[in-house]
Amino acid sequence: MSVLGALYRGESPVDFPSLWRRAVIVSTVAVLVGLASFGVRGLNLGLDFEGGTSFEVRSPGTSVAEARQVMERLDAADARIQIVDGEVLLIRSDVQDPTRATEIRDVLAAELGPVEAFEQVGPTWGDEVTDKAVRALLVFFIVVALYITVRLEWKMAVGAMVAVAHDIVLSVGVYSILQFEITPATVIAFLTIMGYSLYDTIVVYDKVREIVGRLGATDRYTYTELMNLSLNRVAMRSINTSVTSAIPVVSMLLIGSLAMGATTLREFAVALLVGIFVGSYSSLFLASTIVAGLKEREERWRLVFQKVRSRGLVDGPTRVIGRQEAAVSDTRAAPRSSPTGGPAKRRPTIAAPGAGGAPPRPRKKKR
Amino acid sequence: MPRRQLVFLIGIVILTVAASVMTVVWRNEPLLGLDLQGGVSVRLVAVGPADEEMLDQAVEIIRDRVDGLGVAEPEISRTENGVMVSLPGVDDQERALSLVGTTAELRFRPVCRVYSARGASRPASGVVSAIPASCEAVATGEVVPAVGPAGVTLPEDDRPGDFVVLGLRGDEGGRRYLLGPSLLTGEAVSDADALFIDYQWQVGLELHEGAVGIDGFNAIAALCFSGSPACPRSEGVTNGRLAIVLDGQVVTAPSIRAPEFRRDAILISGGFEKIEADDVSLALRYGALPVELEPENIRLVSATIGEDSLRAGVVSGLIGLLLVAVFIVGYYRILGLVALASLAVSGALLWSIIAHLGTQSGLALTLAGVTGMVVAIGVSVDSNVVYFEHLKEDVRDGRTARSSVDRAFPIAFSTIVKADTASLISAGLLWYLTVGAVRGFALYLGLATILDLVATYFFMGPMIRLLSTTRWFAEHPERFGLPSSGAVSATAGSLRRAGA
């Protein structure tokens, strides 16, 4: 809570770079688990993708809920049940095995009424639809990567694409591990997650760009330190947005599925919820790591790093850039402080030689 | 500056109110999708034997056709001996039938007259006097073909026995043909192939034996070759022309160069590209579908998502929205109220557009669409959050609240535009490149994103700028969820002491 409070007050309490290594390990493990599950267990594709069996039962007056209870006892609760012309139940289940289908038919006939039609049905979401969606996705990746390259830079495009791919793999992985049924709505949820993650990442990157633009030319901070400042400054936004996005979904999860017994919404909500948090996590931890890693290799930032290190300021945790420095609005106009002036506020725990006794620079009143 | 802001603000509020009033007055309501409200289901049974592959092909063709009409989001699946098509809404039975039943036919119609490109206003203007008998019946005004606003016969009036005016496929707004009654249907065709003969792509046509086949075709060929009244010569052409019509569009209209043909030796040439020749032969071979399908029954079906789920979804959605409102107002105070008002503006506009499209163009609102909108709400809220956090940051950096407002908006808006552009790109690509449910999602995502930009730029920004000119704003920043300047220096001071 104190970290949140500090974030709320606009301080920079979190040392993001120190968490990056852990984040990369956690993400890599999670992605591997997701991929492994996808490879071994695969996905539980529903009626729409694989087809199944359709039953038409003449049973006037039977409600969908009653029919669903019967199907539940047959271990096929995820069947799609519709009422046709007010008196026929149209039940479509993803059961494909003919013997099981026959069993179900017999039970339905015994419990609900005469089964008028009973046949195999094909998928409504055919291979053609999937092919088109996959192609669209590939084009999407290319175009968005180009867009980010143009508006921001290619290193950020790389980071964003990795983050989005990471989120998709994790979300699909959750479906594979828990063997939730994939429906067209699930696919939409995945796309939603993708869009959300991308949006979030771009907001974070734009903050980085702004901060680096303001403070980068001073050559007093390494890219990682500037990234840390940006992340601290954008963290509250990420948290707030995740919370406001997650509230309706949690509400759907709790009220929709627990209180009112609507099981169809549950899996959908779980996917969205996982996606929202993973999306925020990946933009703060993963997308930033990749960009910082790539940028620190650049000639310019290597020089800055060496310069800063030669002053003995780099060992230990990332320096926290104080409010006054961060408030510099235009690097060229910013007055260079005296050579002995401490470039940054440091945590009380680090004793950095050479800069410890420097008096704080006077707070600027106006730009 | 404030004056421009005021104009924006008043403009957007008037627009929103007007749109909402229109929606209510016109009784526009969103058309709920098949999953949310049910619709009609047409069961089509294959006439004659059909294997799985043919039925799958039929499913694809029907899907393309239904998609081509709008975003109705049909559910189309193969059954054991046919295809099942479900469309949302209950008033559409005839449309559903006409879509998948009657248009599946290929027709051979004689060409009475060709209207070149635009310009030719009313057909049947009585100019063509030399045409006797059947085509003359139109020319003299004895028979007037039913013509829609675009100058062509509407699909529902396109009956085999009538005179019709149809456009050329892939040439919208271009050439139109005045065509006589259908003389032969696709049933006559046994096979067709694209062939490369005489250094050009042609279509080789093979017909069945008998009246519905080569004999019927030769009867027409004789008429057209001689330029008889039923199939007249047009200027500059020595023979009459026979149009091959598919789905209410002329695929090609070759002149008939011989009075009689052999069953397996008919060639259609027309300077085709390979792909055109392929298209024409495909159309000839399959009619429209690889198998002929006959509607067996049309039935009303209830929603696929149970009513219980639907109610739960709506209730939980509303509660969720309420909680979001509480959170936003609790956190950002008056700024939060502005955010909610901004959300209301974009929400009302979105609703108006969806209701209008639903009523006018059969745009269906499915669960996928609802999801797209929920995400969009999250994104809309975020646009506000991005700006507010920027404001806070600037105030903490020592600016006055008022100067922060002027400075932060352009920066925050640029971030919002960048992120929203990425959303729009994905929405656009998904719309163009996919079919079915994904398309519906893309449309709603795109719409809501655009409205988010509109509401942010024309409502939220100006509103806060106006508020910032009040004394109240300067004196009580905490009521706006902003740190007061005192708090800033205290924080900075404590940091400094700790660091020293």
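A:Ala160 touches A:Ile148, A:Leu198, A:Thr201, A:Ile202 and A:Ala287, leaving aside residues up to four places away in sequence. Contact here requires C-beta atoms, placed from the backbone, within 7 Å. The model is predicted: local features need pLDDT of at least 70 and side-chain atom pairs pLDDT 80 or more, while totals for chains, interfaces and linings use all residues. Residues are numbered from 1 along each chain as its sequence is written, and chains are lettered from A, ligands numbered from 1, in the order in which they are written.

The largest nonpolar core has 139 residues, and A:Ala160 and B:Val438 have the most contacts inside it. Such a core is a set of buried Ala, Val, Leu, Ile, Met, Phe, Trp, Tyr and Cys residues joined through C-beta atoms within 7 Å. Buried means 20 or more other C-beta atoms within 10 Å of the residue's own. Helix H8 (residues 184-215) of chain A supplies the largest share of this core, 18 residues. Apart from it lies another core of 45 residues, including B:Val152 and B:Leu166.

Chain A contains 12 helices and 6 strands, taken as DSSP runs (helices H or I, at least four residues; strands E, at least two), numbered from the N terminus. Of its 367 residues, 47% are buried.

In chain B, three strands form an open sheet in the order S9-S10-S13, with antiparallel pairing; pairing requires at least two DSSP bridges. S9 (189-197) and S13 (266-272) of chain B each have a single partner strand, so one side of each lacks a neighbour in the sheet. S10 (residues 200-207) of chain B is joined to S13(B) by 5 bridges. B:Gly204 has B:Leu267 as its bridge partner in S13(B).

Notes. A residue is buried if 20 or more other C-beta atoms lie within 10 Å of its own, exposed if 12 or fewer, and partly exposed in between; C-beta atoms are placed from the backbone. Two residues are in contact if their C-beta atoms, placed from the backbone, lie within 7 Å.
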